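Here is a short briefing on a two-chain model. Start with the structure, then read the points below it.

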Amino acid sequence: MFSGPLTFAGLGPHFPILQVVIPLIAAPLAVFIGVTSIAFLLAFAASIASLIISYSLLMQVIDGSIISYHIGGWAPPWGIEYRVDAANAFVLLIISAISTVVLPYAKTSIEREIRASAHTLFYACYLLCFTGLLGMVITGDAFNVFVFLEISSLSTYVLVALGAERDKRALTAAFNYLIMGTIGATFFVIGLGLLYMMTGTLNMADLGERLPALSDNRTVQTAFGFIVVGMGLKLAIYPLHLWLPNAYTYAPSAVTAFLAATATKAAIYVLMRFMFSVFAPDFTAATGALNLIILPFAVIAMFAASIIAVFQADLKKTLAYSSIAQIGYMLLGIGYFSHSGITATMIHLFNHAVTKAALFMAVGAIIYQTGTSFIPKLAGLGKQMPWTSAAIVASGLSLIGIPGTAGFISKWVLINGAFEKGWWWMAMLIVASSLIAVIYVWQVVETLYLKKPVGDVVVKEAPLSLLIPTWILVFASIYFGLDTELTLSSARAAADALLGAAPLAAGAGS
Amino acid sequence: MSIELSLILTLLIPLLAAWANMIFRNHENLRDGATFIASILLFGVVVNLLRQHAVSPDISVELLSVMPGLTITLSAEPLGLLFATIASGLWIITHIFGVGYMRGNNEEHHTRFFTSFSLAIFATMGIAFSANMFTLFIFYELLTVSTYPLVAHKQTMDAKKGARTYLGILMGTSIGFLLVAIIWTWHLTGTLDFVKGGILEGKIEGPLVAVLLALYVFGIGKAAIMPFHRWLPAAMVAPTPVSALLHAVAVVKAGVFTMLKVGIYIFGIDFLSTTGASEWLIWLASASILIASLIAMTKDNLKARLAYSTISQLSYITLGMALATSMGALGGGMHIAMHAMGKITLFMCAGSIYVATQKTKVSEMTGLGRVMPFTFIAFFIGALSIIGLPPLGGSWGKWLLIVGAADAGQQVAIAVLMISSLLNVAYLLPIVGKGFFLANPEPKPAAVGSAISPKSKIAEAPLMVVLPPVLTAIGCLLLFFYAGHIQEFLMPIVTSGK
């Protein structure tokens, strides 16, 4: 397998597999070594390696080329193929970048949230989850997606349940997620089974070639339904979102930050990959899934979840519902069924990952110092934890989409896409729903800055080990609002890659 | 100093002032002194720009390219220069007033106050010098966010409620309408640059022009056109220096300034005039002028009365744009300067009265004129300027607007402007009259007035509070004689076409 000399450059051709294998190997090592600090270093090193690899992969494919890596030298469709193009390289970069920032934060954060004896296990599960997310994004094999989906899901259940140290409700949240996640995975694998039955292949590129001929086939259409619903559960499309608020709220802070920024994003990528690459875009449009399911539910999510977020008393839950609303924006981009729509989705994947991770990390810093994220108890923290509070305000502005922040760029591209389709009413809906975000963000700002603290407990600012990672992401959420060179070009390249050369059927989405 | 450098300095100086405020948060005098120096420097740079502009216009600085075609770019053009000159000049005066007011009133959180204030000036400069709608929008939103802590300053229930209304309406309209309008324009034309003669001609037609204009007009909530005016009275819970500089000059003028920019450089006066898309706006602005004046008459709280007066006066400028004639646009631009000088005088007088007597209601101010003659004379002059009587600056703005209305053949607008002047007389002059000619009903001196008998002795507010309104009152007088220069200076915005 390793044909070239074992130098860094020689490893280059093997980057696709190393992307997945490095964290995968680091995970059991973390448990075997059993020393927390070494386990952390191992995880952190694996994460940095993944970041370097994903960045170099993205730079290789951003011009539109494709890297096809054959595992064990077995050529597809028999062997498993890892297939990297601009779309998944961009998502890989998001996942590994977020992980690299979250890990040092996690080291401090879990000290007060998880008992010391479980720390190595935490790192192992974290790495497995990380592996799973990277795997389901990078692979070019449909069944392999399912395998990695399960790896990430199973480890996520454990990670969420680890929040039980702080709040016992984490256990029911994890159990809920387990049930829903398993149903989702089952739907997904049933869909795959049906596809395999009809085509005799599981390679995604291969499927993409064979399925157009079968587009009238009922079994294939059923498979499509199963796959969309299965992935829909994982990415929390509005009525399938029930697992998300509690899982995000009761999971340890670092886990929430990581999951909110990456898990749903990976699932959205997979959904798009299936909708536009495995099944042909025309087929997807013809099923009506975009107009009848994705679009309406996206709009409902934008409004309903935002409104629910306004009425939450726990800040983490507010942000969790806000995530569901933001997923609505991403789905909206898919629903446009246009190049600029997919671009909007891809760029929002990135911008929202950065913004929401920053928010959850800032809230985690508050939990670290005060033990709670209950909004009324945050009164007056603006003075006591100035940096943490400022981080919440800055990333909150990005969540709303104030110009000069990453969130604004997403909104700009998304609204521009709506005008391109002539859907001016959709533009109005988008801005109207983002106004609800003003309400729930500002409630928090008012509480932090304008209310007198309850009691006379002196709260200190969070330690630097929490603040620095948080502020890296806060700066990123501002930086990417001012310089969109990387994000916009990557998102465009990703949209090219997903839609391929296939011209979109005229008016199919309108 | 090159124009490029000057443009960057206009942003950098207030930003540094904000930073210095935070650094020197424990040294009152150092902190306020630093801001004072910054305000003088800023004014110097803007005046310098004014001079350089005459030599070489059309220079712009690109700070950042956010997306291809979307850049943060600064440039100087007459309207923006006028706005920046007014805002930066009045910043010096308001800062003196503000320091006197905050200390005289024992307000808290001085550092937060002055930091936010400098940031607001930073945003204002950004608006004044933005070379495209995108840049303008960024600074427009920044202005909203940076003034929010100022409105909520007192942290009472009222202040929080007021600040919520403030943020809610300003952000609601700007994201809900203005952003849509901007992206729509971007979609239609592929550019957002401010170009003489507008960029929309030929790209959009029929009733959609009026729809797009409506999105802009209602989106620019800072111009306080009815029915999106509620934030301005709500903002009056802020300390008076904020009401004076921000809610009589910087914020509201940023609104009408944006309105004029959109009218002149996005749509183009000729395009508006040929399509008639702004016809409805003439009616709306007229209604806004009259209704706000009528409401002002019912307000007993002096600052609330002044706020409604501002709403009415802002609609003059919107009206100037809606008339779609070059005289109207010129009058609008002129009125930005004239009203700023007059209204800031009135607000600072209100602040001076509050510092000296803690009184906020008009009905309590009878007889005060004899106690505080300087304040009340300044108020009188400011009021006459707002009403539009010569020899005060305010008369020219109104004059040009009336000429513009005549050019457009809008007799109704002329009538509205006349009636509004009468209404101004009715709600502003009684304050002065009562102050001078009625006796103070209070038999005993007020607690704050200490042992001084309110009938005979003069008991003005501290010098730092009284001097600024006197200066701006003199400014109103001077503007009358320099109006010709201003008009000449503004001329290029409406002539020489594309």
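In chain B, the axes of helix H7 (residues 207-219) and helix H11 (residues 279-298) come within 10 Å and cross at roughly 30 degrees. That makes H7(B) roughly parallel to H11(B). The model is predicted: local features need pLDDT of at least 70, side-chain atom pairs count only at pLDDT 80 or more, and totals for chains, interfaces and linings use all residues. Residues are numbered from 1 along each chain as its sequence is written, chains are lettered from A and ligands numbered from 1 in the order in which they are written, and side-chain values use heavy atoms, with hydrogens and water left out.

**Helix pairs**

- Axes are lines fitted to C-alpha atoms, for helices over the stretch in contact, and angles run from 0 to 180 degrees between N-to-C directions.
- Helices are DSSP runs (H or I, at least four residues), numbered from the N terminus.
- Angles under 35 degrees count as roughly parallel, over 145 as roughly antiparallel.
- H7(B) brings B:Ala210, B:Leu213, B:Ala214, B:Val217 and B:Phe218 to its contact with H11(B), which answers with B:Trp280, B:Leu281 and B:Leu284. Contact means heavy atoms within 4.5 Å.
- The contact of H7(B) with H11(B) has eight nonpolar, no polar and no charged residues. Ala, Val, Leu, Ile, Met, Phe, Trp, Tyr, Cys and Pro count as nonpolar, Asp, Glu, Lys and Arg as charged, and the others, Gly among them, as polar.
- In chain A, helix H4 (residues 86-109) and helix H11 (residues 253-278) pack at about 170 degrees, with axes 8 Å apart. H4(A) is therefore roughly antiparallel to H11(A).
- Residues in this contact include A:Ile94, A:Ile95 and A:Tyr105 of H4(A), and A:Phe258, A:Lys265 and A:Arg273 of H11(A). By class, 14 are nonpolar, five polar and two charged.

**Interface of chains A and B**

- Chain A gives 32 residues to the contact and chain B gives 33.
- The two chains bury about 2900 Å² between them, 75% of it on carbon and sulfur atoms. Buried area is the accessible area (1.4 Å probe) that two parts lose on being put together, summed over both.
- A:Trp412, A:Phe419 and A:Leu450 supply 26% of the area that chain A buries against chain B, more than any other three residues.
- The rule finds one salt bridge across the interface. A:Glu446 and B:Arg164 meet in a salt bridge through their side chains (2.7 Å, N to O). The rule asks for a side-chain nitrogen of Lys or Arg within 4 Å of a carboxyl oxygen of Asp or Glu.
- On chain A, the elements that give two or more residues to the side touching chain B are helices H17 (386-400), H18 (406-420), H19 (424-450) and H20 (464-482). H19(A) has the largest share, ten residues.
- That side of chain A has 20 nonpolar, five polar and seven charged residues.

**Backbone points in chain B**

- Most residues other than glycine have a negative phi, and most peptide bonds are trans.
- B:Met226 and B:Pro227 are joined by a cis peptide bond, with omega about 5 degrees. B:Pro227 sits in the loop between H7 and helix H8 (231-234).
- A cis peptide bond also joins B:Pro390 and B:Pro391, with omega about 5 degrees. B:Pro391 lies in the loop between helix H15 (373-387) and helix H16 (394-408).
- B:Ala324 has a positive phi, near 55 degrees.

Technical notes. Angles under 35 degrees count as roughly parallel, over 145 as roughly antiparallel, 65 to 115 as roughly perpendicular and the rest as oblique.
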